[in-house]
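Welcome to a short tour of one protein chain. Please have a look at the sequence and the structure, and then we can walk through a few features together.

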Amino acid sequence: MTGNILYTMRKLLLLLFSLATISCSHLQRFRSQDPRETGIDFENKIVETDSLNAANYEYIYNGAGVGVGDLNNDGLPDIILVGNQVSSRIYLNLGNFKFRDITRNFIGLTNDQWYSGVALVDINCDGWLDVYLTSTAGNNPSRCKNRLWISNGAINGLDPTFTEMAEKYGIADEGQSVSAAFFDYDRDGYLDLYVLNNTLNRRMDALYRPKVNDGSSPNNDRLYHNNGNGTFTDVTITAGIVYEGFGLGLAVGDVNKDGYPDIYISNDFVYIRFLNPTQFF
């Protein structure tokens, strides 16, 4: 009798396992969408030349950023795709995986800069998302300035338009930036800005040299304090952000649960840093 029960239980367990396996195999998976159907035909195409190639610019194929946010407040997430040698493109979500290109609504946005990342923020607290693009590559500071497109809103049901105002806000950083993040590091109710910089000022090699830790390196990141009046102030040195690094990515979160957002930064070539804002004060 006991043997029959054990045999029956084994069969039942085998049946349940088989059903679970079949069920898992039919779970919903991601599906590639045809650009002809979605309307998103962006291609970040890179063309090497004698003056710009992988031999003299090691980050040429690092790619660029993607931003997702509701630009026209219709409840649907829109997409910003950042371009290097091609113009960045902005697509409004029409629903059902259909998008419309509204890049022309970003006044002054061209392909004359090598954009590397995007951060979305309602920087003036008017209820409309604004777009901050980081820029890198090249030795011309004017072509490395980060840009801030302030939303003019969607007037009379039309698509929103955007005006570039990075210099007015004081955050047109020229440090060859890879990425950026807005967060309230001092908990004063205003979103501050961390800019991740990475400058290949010479061909990298395996030779040892001491790290620059006085804030003078061109690879030094930047922290901008939001003054709450439409302007920002560079507080990098006073905040203790003085260590050079070849930044590639950053993440913000309250790691130690003390109420202050911490910053984790990954770097190429040199090292990895971890910053806690309690050292800022």
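## Starting at Arg 89

Let us begin with one side chain: Arg 89 has 21% relative accessibility, so Arg 89 counts as partly exposed, where buried means under 20% relative accessible area, exposed over 50%, and partly exposed in between (1.4 Å probe, protein chains only). Arg 89 forms a salt bridge with Asp 101, and the closest N and O atoms are 2.6 Å apart; a salt bridge here is a side-chain nitrogen of Lys or Arg within 4 Å of a carboxyl oxygen of Asp or Glu. This pair links distant parts of the chain, with Arg 89 in strand E3 and Asp 101 in strand E4, twelve residues apart. Asp 101 counts as partly exposed, at 31% relative accessibility.

Arg 89 also forms a salt bridge with Asp 41, with 2.8 Å between the closest N and O atoms. Here, too, distant parts of the chain are linked: Asp 41 belongs to the loop between H2 and E1, Arg 89 to strand E3 (residues 89–95), and the two are 48 residues apart. At 49% relative accessibility, Asp 41 counts as partly exposed.

## About the model

This is a predicted model, in which local features need pLDDT of at least 70 and side-chain atom pairs count only at pLDDT 80 or more, while totals for chains, interfaces and linings use all residues. Residues are numbered from 1 along each chain as its sequence is written, and side-chain values use heavy atoms, with hydrogens and water left out.

## The chain as a whole

The protein chain has three helices and 16 strands; helices (H or I, at least four residues) and strands (E, at least two) are DSSP runs, numbered from the N terminus. Of the 281 residues in the protein chain, 43% are buried. The accessible surface of the protein chain comes to about 15,600 Å², and 56% of that belongs to carbon and sulfur atoms; these areas come from the Shrake-Rupley method with a 1.4 Å probe, and for residues only the protein chains shown count as cover.

Contacts (heavy atoms within 4.5 Å) can also be sorted by separation in sequence. Among those in the protein chain between residues at least 6 apart, 51% join residues at least 24 apart.

## Another salt bridge

How many salt bridges does a search of the whole structure find? The search finds nine. One of them is formed by Glu 37 with Lys 98, whose closest N and O atoms are 3.3 Å apart. Glu 37 lies in helix H2 (residues 35–38) and Lys 98 in strand E4, so the pair ties together parts that are 61 residues apart in sequence. Glu 37 counts as partly exposed at 48% relative accessibility, and Lys 98 counts as partly exposed at 31%.

## The four-stranded sheet

Four strands form an open sheet in the order E1-E2-E3-E4, with antiparallel pairing; two strands pair if DSSP finds at least two bridges between them. Strand E1 (66–69) and strand E4 (98–101) stand at the edges with a single partner strand each, so one side of each is left without a neighbour in the sheet. From one strand to the next, the twist averages 25°, based on axes that are lines fitted to C-alpha atoms (for helices over the stretch in contact), with angles running from 0 to 180 degrees between N-to-C directions.

E1 pairs with strand E2 (residues 78–81) in the antiparallel sense over four bridges. Within this pairing, Val 66 stands opposite Leu 81 in E2.

## The five-stranded sheet and strand E7

Five strands form an open sheet in the order E5-E9-E8-E7-E6, and the pairing is mixed. Strand E5 (106–107) and E6 are the edge strands, each pairing on one side only. Strand E6 (residues 114–121) and E7 run antiparallel and are joined by seven bridges, and Val 118 has Leu 133 in E7 as its bridge partner. E7 also pairs with strand E8 (residues 147–151) in the antiparallel sense, over three bridges; the bridge partner of Val 131 in E8 is Trp 149.

Is strand E7 mostly covered or mostly exposed? Strand E7 (residues 130–136) is mostly covered, with seven of its seven residues buried. Asp 130, Tyr 132, Thr 134 and Thr 136 point one way from E7, while Val 131, Leu 133 and Ser 135 point the other way, and all are buried.
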